[in-house]
Amino acid sequence: MTTNYIGQPISRVDGRAKVTGQAKYAGEYNVPNLAYGVVVSSAIAKGRIAEIDASAALGLKGVLQVFTHKNAPPTAKSDQSYWDEVAVPGSPFRPFKDDKLLFSGQPIALVVAESFELARYAASLVQVEYEPEAHATDLNQQRDKAYKPKPREGVAPPPPPRGNPDKAFANSAVQIDAEYSVPAEHHNPMEPFATTVIWEADGRLTVYDKTQGTPNSHQYVCNVFGLSPDDVHLLSPYVGGGFGSGLRPKYQLFLAVMAARGLKRSVRVTLTRQQMFTIGHRPRTLQRVALGAAKDGKLEALIHEALAETSQFEEYSEPVVQWSGELYKCENVKLDHALANLDINTPVDMRAPGATWGLYALESAMDELAYKLNMDPLELRLKNYAEKDFSNNKPFSSKELKECFRQGAERFGWSKRTPEPRSMRDGGKLVGWGLATGIWETTQLPAGAKAVLTAEGKLTVGSATADIGTGTYTIMTQIAAESLGLPIEDVTFTLGDSTLPRAPVEGGSFTAASVGSAVKQVCDKIREKLVTVAKAMPKSPLANAKSEEIAFADGRMMLTSGPSRYVSIKEVMRHGGLSSIAETADSTPDFEKQSKYSIHPHSAIFAEVKVDEDLGTIDVLRVVSAIAGGRILNPKTARSQIMGGIVWGIGMALEEESVIDQKFGRFMNHNLAEYHVPVNADVQNIDVIFVEEHDSIVNPLGIKGLGEIGIVGTGAAIGNAIFHATGVRVRDLPITLDKVFAGAAAARPVKLAPAA
Amino acid sequence: MNNFSYTRATDITSAVNEASREATAKFIAGGTNLIDLMKENVARPTRLIDINRVPLNRIEETKDGGLRLGALVTNADTAYNDQVEKRYPLLSRAILSGASAQLRNMATDGGNLLQRTRCYYFYDVATPCNKREPGTGCSAIEGFNRMHAVLGTSDQCIAVHPSDMCVALAALEAVVRVTGKNGDRAIPFSDFHRLPGDTPQIDTNLEADEIITSIDLPPKGFADHHAYLKVRDRHSYAFALVSVAAALEMDGNKIKGTRLALGGVAHKPWRSKEAEELLNGKAANSDNFQAVAETVMHGAKGFGHNTFKIDLAKRAIVRALKHAAQMEAPR
């Protein structure tokens with residue numbers, strides 16, 4: 001049937017709008033009389049603002065106002081009003097609250113003018129006198145200040161130890177005990193954060209905000225500014241990348257609304273690329289992994305401890321070590337996660353928060369253990385394969401990881417690998433093959449949707465979710481079209497609008513499962529209405545059919561047993577005298593059913609690198625990633641998701657690092673020329689395999705979510721391949737060329753390669 | 001970015017006259033660096049004189065058999081010019097290893113010479129920088145200096161010149177032709193850029209009222225034996241950690257003449273005549289190249305994050321010389 005869209009590689013329904021420039025982003029809405037705000041950022045990390053002199057800026061014709069902590073219009077007093085859906089324990093950052101400086105780059109003034117250029121120039125004239133205090137921005141220097149964080153909603157603290165890990169480790173025949181260091185990273189979506197606030201004639205606000213959740217930003221604005229929900233309409237129909245950076249409201253939203261209300265006119269605030277390095281980041285994290293094994297490779301002890309940075313005002317924690325207790329079978333496990341407060345902004349969830357770092361360390365350590373055991377790294381993983389989640393003592397709802405290993409290894413040609421480091425060459429270069437495992441979370445959250453079917457058979461479905469480039473528009477359209485058997489052109493999905501039924505922020509890989517279930521449910525409600533009407537039609541072929549015996553396809557309703565007898569949906573609408581059918585639905589996960597299982601997507605990643613050992617330069621020649629991610633709604637957008645994750649994994653392994661100058665407590669490489677992410681030339685062959693996986697527990701559609709699993713483990717696979725190529729183990733990301741050739745020099749006699 | 005006035009010059013004389021009337025005026029051609037600097041408040045010109053219509057956009061033969069690159073020829077047009085590709089492939093390769101296709105389409109040859117360092121601190125007005133604001137101090141010396149210089153540094157500045165093109169031009173011994181209030185001058189390439197010394201705010205020996213009109217390539221192009229090796233943190237759109245332009249004149253396996261210039265290690269493309277002369281009459285082999293590398297890097301000083309460059313540069317020099325001598329294929 002032609003209206004079976006689920007599982008089909010449908011091109012993005014919003015693709016044309018995006019490539020033709022029709023898709024408008026938050027900073028692109030132009031209205032008459034728009035004013036422009038430019039943020040002045042703190043030059044120091046800690047202390048107070050002694051004086052702000054804005055007179056030169058205010059003296060320029062066309063400058064409307066310079067807002068600072070001294071003249072900011074009053075906003076809500078209590079911390080609770082600033083808590084958002086993704087807030088972490090602590091006091092949320094409140095722009096312009098007082099003269100205290102909490103991190104370098106903190107917004108300290110907003111210059112608003114008649115033109116962007118004028119506001120930008122005026123911002124450069126604002127003179128700030130600081131009273132600096134000594135700051136601490138180096139996690140490594142704060143190890144003695146580590147503490148156990150308060151639990152964060154949705155993030156379980158590490159489980160208590162199992163067995164006797166320290167003793168088991170001490171008694172193990174083969175041991176690995178290593179520390180891994182990973183740097184701060186910034187999300188850097190292409191679209192900078194921006195908010196356009198339109199001051200409507202009646203004083204209500206229409207707000208275009210870059211966000212991963214319009215309900216979250218909407219609620220924040222209402223709470224902070226004491227507005228009723230109807231006074232604010234918040235929209236975010238297109239988002240130019242998020243990766244987690246837009247989960248929590250960003251300070252430009254506060255500033256734009258504050259200025260619009262203060263000036264009673266429309267205001268836009270757009271952050272600069274440099275300011276994109278001041279809005280939170282993936283935290284620098286130090287990890288110890290100690291693995292003890294018997295000579296046959298059986299894991300006897302697993303210890304994974306992490307220390308991560310957070311700000312002075314919020315306890316941001318991510319579950320770095322959690323999966324180490326779930327991925328392998330081991331009876332003696334100790335997991336620990338600690339924080340240290342630094343004079344930085346609060347870290348923010350970034351694609352696969354916790355797992356990206358945790359699995360890098362665990363899977364690097366597993367590789368180290370394999371070499372120490374003289375065992376194939378794949379065999380070591382199969383030897384310790386967990387058939388159930390030992391950490392939570394639950395069965396997996398489904399786990400096709402073995403099949404990922406099998407198919408991935410076959411596609412990659414893993415059996416042709418020679419085990420010794422430095423044993424594979426191509427021309428004058430060293431070649432290395434490495435692998436790693438990935439695991440992530442599957443979550444379904446409550447979500448709402450509404451749908452309207454017209455007499456002409458056109459369907460519009462909406463939910464206040466987001467599409468941050470993930471393909472939400474497309475897959476929801478597919479689900480809706482297939483549910484009602486309508487041609488996909490007749491179905492429109494709307495999102496990113498605070499007036500639509502509430503949905504969670506788009507994150508955690510849970511949108512497909514959560515919103516997809518709501519879309520399915522609301523379409524099923526329309527289905528039932530149509531069935532009732534259709535059955536009552538004279539000579540209805542469906543008269544005696546039960547609901548489940550009726551299929552919807554090609555714009556028709558028919559018996560599953562005899563599709564030649566049908567009625568068209570338009571006929572049914574006409575017969576029922578219906579100009580439209582409108583429904584809403586709230587989808588709630590079956591928590592009771594789900595809670596009995598451990599639910600995860602898994603992956604096996606294989607990487608090949610080529611290393612020039614004199615110069616340390618690295619080419620990632622290919623990556624094969626085999627994914628067990630439940631039902632694949634759209635292989636095209638799914639592949640893009642995984643591919644993006646793999647590219648990011650390459651960047652994480654080799655390039656990405658937000659470098660802080662400890663003297664200034666400030667990220668210094670704050671632009672895209674010096675903050676390196678992979679360019680086209682860094683990315684060669686990427687092969688994504690979706691392993692078939694059926695899961696009847698997760699949700700009715702069998703979806704596990706694919707937004708994050710692609711990055712998890714990829715960095716470790718590349719690091720492991722570099723070790724195989726060179727014999728150099730770099731435990732400090734990113735693996736830049738100097739670390740490789742310096743290690744290579746230490747690992748062999750100091751001489752240059754002989755002439756060819 | 002400050003307010004500025006904008007005017008357009010259509011000939012050299014009016015461009016020079018206009019510039020000499022206003023000390024804080026700047027010429028703008030491709031704008032690929034200047035606009036960034038203005039957005040960051042690092043450059044604050046009161047006037048931009050657009051010289052894109054000044055007729056300096058041709059590549060033509062010189063009387064002595066060399067090639068003249070008009071100052072306003074784009075980097076892309078230079079790299080893909082038939083004569084450049086055939087006779088000066090070293091230059092072509094150097095240009096194409098820099099920036100991105102989009103930037104090379106806009107950036108001009110004269111502008112390439114005048115681009116400023118990409119030192120993190122130079123670009124961030126929240127931090128002290130002697131190059132940006134003389135006397136405030138150098139933040140890089142004890143700060144984050146991965147991209148910084150190891151040769152020819154001063155206690156005032158350890159910035160590097162970021163160009164790839166200029167490294168090849170130094171090796172080719174190009175001549176920079178300029179004109180100004182006091183007439184025309186020809187500046188040998190090695191004298192064009194400066195070391196930082198006590199005046200790191202001054203990058204070049206170009207006078208304030210002078211404008212580059214062309215870059216002249218001498219007849220000798222080293223098309224048979226050359227290499228441009230750029231070592232960087234990713235495969236494209238990254239400045240050199242170390243780059244090497246190597247050009248050899250050879251008679252069999254014997255070396256008759258050597259040109260060697262390094263990028264990413266100093267405030268200007270770095271040459272060592274002493275090291276180049278070591279190879280005169282010598283055979284092309286690893287030991288001889290290693291000796292050159294040691295001599296070039298003699299006296300190099302690292303500052304922590306960039307200390308690896310000293311060893312890396314030696315390895316890159318040997319590799320580039322081998323490529324130039326065709327002892328091994330570039331890979």
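How many salt bridges are counted between chain B and chain A? The count is 5, where a salt bridge is a side-chain nitrogen of Lys or Arg within 4 Å of a carboxyl oxygen of Asp or Glu.

Before you click around, know that this is a predicted model, where local features need pLDDT of at least 70, side-chain atom pairs count only at pLDDT 80 or more, and totals for chains, interfaces and linings use all residues. Residues are numbered from 1 along each chain as its sequence is written, chains are lettered from A and ligands numbered from 1 in the order in which they are written, and side-chain values use heavy atoms, with hydrogens and water left out.

**Stop 1: where the chains meet**

Select D124(B) and R666(A). They form a salt bridge, and their closest N and O atoms are 2.7 Å apart. Now colour in the elements of chain B that give two or more residues to the side touching chain A: α8 (120-123), β9 (226-231), α12 (286-297) and α13 (308-324). These helices (H or I, at least four residues) and strands (E, at least two) are DSSP runs, numbered from the N terminus. The largest share, 8 residues, comes from α13(B).

Zoom out to take in the whole contact (heavy atoms within 4.5 Å). It takes 42 residues from chain B and 42 residues from chain A. Together the two chains bury about 3500 Å², 58% of it on carbon and sulfur atoms. Buried area here is the accessible area (1.4 Å probe) that two parts lose on being put together, summed over both.

**Stop 2**

Go back to helix α8 of chain B and pick Y123(B), which lies in it. Is Y123(B) buried or exposed? Y123(B) counts as buried because its relative accessible area is 11%, and buried means under 20%, exposed over 50%, partly exposed in between (1.4 Å probe, protein chains only). Leaving aside neighbours within four places in sequence, show what Y123(B) is in contact with: N33(B), L37(B), E40(B), V42(B), T117(B) and R118(B).

Hop to T117(B), in the loop between α7 (109-114) and α8 of chain B. T117(B) is buried too, at 4% relative accessibility. Draw two distances from polar atoms of its side chain: 3.2 Å to the backbone nitrogen of C119(B) and 2.8 Å to the backbone oxygen of V160(B). Beyond residues up to four places away in sequence, T117(B) touches several others, including F122(B), K131(B) and P162(B).

**Stop 3: inside chain A**

Colour chain A by domain: domain 1 (15-21 + 445-588), domain 2 (31-134 + 190-241 + 246-277) and domain 3 (285-442 + 596-747). The bounds come from an automatic or database domain assignment. The centres of domain 1 and domain 2 of chain A, taken over C-alpha atoms, are 39 Å apart.

The area buried between the two domains is about 1500 Å², and carbon and sulfur atoms give 54% of that. In all, 19 residues of domain 1 are in contact with 20 residues of domain 2.

Finish on E85(A) and R502(A), whose side chains meet in a salt bridge at 3.4 Å, N to O. Across the interface of domain 1 and domain 2 of chain A, the rule finds 1 salt bridge.

Methods: A polar contact is a pair of N or O atoms within 3.5 Å; within protein, one must be able to donate a hydrogen and the other to accept it, and residues adjacent in sequence count only if both atoms are side-chain atoms.
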